[in-house]
Amino acid sequence: MDVGQREIELRGGRIVLYTRADDRHGIWQARFRLGTDRTLVRRSTKTTDLAEAKRTAEELYEELRYKQRNNHPLKDQTFKLLADDFVRKTARETLEGRLSKGRLVLIEGTLRRYLLPFFGKRPINSITTADFNEYDEWRLDYWTRGYGADKVVATAAAVPSPKTLVMEQSILRQILKHGLEQGSLKQLAFMRAKRAKTNRRGAFDVKEYRLLVRTARQRSNEAEHPRVKRDRQLLELYVRLLVGTGMRVGEARGLTWRDVELIHTGNGKLTETLRLWVDGKTGKRAVIGTRAAKNTLKKLLAHYGWKDLDEARANGNGLFRNSKGEDIGTFEVGFGKLMEAAGLDKDRHGNARTLYSLRHTYATFRLLYGGTDVYLLARNMGTSVNMIEQHYGHVSTTLAADKLI
């Protein structure tokens, strides 16, 4: 036996306590032989005290015997196995239309980059609050001094935002709750809930929005090259459509003409209304556009030379295509140049504006000037009433100004 290694038998050799020669702390490990097939299971007692290690080993032995008699798995499921099962469940829900493809992609990416490298090999019943705290530090250093420091990923922020950390923690919690539901996890260790910093959204006010579209049109008129002129015209229509619908950028990216309808509402006037079927982070839903959005859609038809919506739907192409007929992945670069030309790259609070500012502009306009019910607005935007109140509470205060003076 190596120097520093010890071994003690209990229950006639059915329990063997031992220390490893390479463990300078001398923590007692336990080896159990169960049943007539002499099944071998190993566990750590997590203590250097022999008396405590004996008590722990006896308890573990009885627990393992109970599991064996009742045909329960003797070894703890690893986090990776639980995560794989959770992904399979999520993929089924995606196929059934109960979960969006975007959510599945987010879960798989978060697991691959962060959760599996840290938790993957760990038995789920051995994960503690200390592990969660250690993971937080590991995650914050991931792209700077840690696991991903040598990787080049264009879309990854060096320091994750509070919102990103909240989303990732939500995925981790969902996976562990899946373990609770299927009985492989006994209890969920305490996980400190993260809170995303709530920033006021960088929306445009009416004057700024008018300046934005006026600048977009002016830039189109000034363009000499036909391709540049066409791209700038399409950008203006894109801006108008997002402000008229409140779609997410990712939802607009996946739209085809087959997802577009002009319906008649049952208000007795047979009003023609724009309805879009989008598929985003909250799954498939119908989005009702404003009258301005309906007019923008008709201009978009004319932009491509379609005589009507039926002709465009029969073709089935995406709503936003470049001069080569390819779907446009993002308008980010062109939109940035447009905002710079209009001097609108930041709002009055110093918040940087992005394409998502168009969605926030829609919400603000609907609350301020549309008189839209918060519940209906949340449904149309594919978000919660709570999120509307968090991010647009200042709008409610403005609406109540006459009661506050």
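Mentor: A crossing of two helices is left-handed if the near helix is turned anticlockwise from the far one by less than a right angle. Keep that in mind. This is a predicted model.

Trainee: What is the handedness of the crossing of helix 7 and helix 9?

Mentor: Helix 7 and helix 9 cross in the left-handed sense.

Trainee: How are two packed helices described?

Mentor: By the angle between their axes and the distance between the axes. Take helix 7 and helix 9, the latter covering residues 291–304. They pack at about 155°, and their axes are 9 Å apart. Angles over 145 degrees count as roughly antiparallel. Helix 7 is therefore roughly antiparallel to helix 9.

Trainee: Which residues of helix 7 and helix 9 meet?

Mentor: On helix 7, look for Arg-230, Gln-233, Leu-234, Leu-237, Arg-240, Leu-241, Gly-244 and Thr-245. On helix 9, look for Ala-293, Thr-296, Lys-299, Leu-300, His-303 and Tyr-304. By class, this contact of helix 7 with helix 9 has 6 nonpolar, 5 polar and 3 charged residues.

Trainee: At what angle do helix 6 and helix 7 pack?

Mentor: The angle is about 160°. Helix 6 spans residues 206–222, helix 7 spans residues 226–245, and their axes lie 8 Å apart. So helix 6 and helix 7 are roughly antiparallel to each other. Their crossing is left-handed.

Trainee: Which residues in helix 6 meet helix 7?

Mentor: Among them are Tyr-209, Leu-212, Val-213 and Ala-216. In helix 7, the partners include Lys-229, Arg-232, Gln-233 and Glu-236. The contact of helix 6 with helix 7 divides into 6 nonpolar, 3 polar and 6 charged residues.

Trainee: Now helix 2 and helix 3. How far apart are their axes?

Mentor: They are 10 Å apart, and the angle is about 175°. Helix 2 runs over residues 79–95 and helix 3 over residues 101–119. Helix 2 is therefore roughly antiparallel to helix 3. Helix 2 contributes residues including Phe-79, Ala-83, Phe-86 and Val-87. Helix 3 contributes residues including Leu-104, Ile-107, Leu-111 and Phe-119. By class, the contact of helix 2 with helix 3 has 11 nonpolar, 2 polar and 3 charged residues.

Trainee: What pLDDT does the protein chain average?

Mentor: The pLDDT is the predictor's confidence in each residue. Here the chain averages 85, and 89% of the residues score at least 70.

Trainee: Where does pLDDT stay under 50?

Mentor: Go to residues 399–405. For that stretch, the model has 3 contacts beyond four places in sequence.

How values were computed. Residues numbered from 1 in each chain as written. Predicted model: local features only at pLDDT ≥ 70, side-chain atom pairs only at ≥ 80, totals over all residues. Heavy atoms only, no water. Axes fitted to C-alpha atoms, helices over the stretch in contact; angles between N-to-C directions. Helix = DSSP H or I, 4+ residues; strand = E, 2+ residues; numbered from the N terminus. Parallel < 35°, antiparallel > 145°, perpendicular 65-115°, else oblique. Contact = heavy atoms within 4.5 Å. Nonpolar A, V, L, I, M, F, W, Y, C, P; charged D, E, K, R; others polar. pLDDT = per-residue confidence, 0-100.
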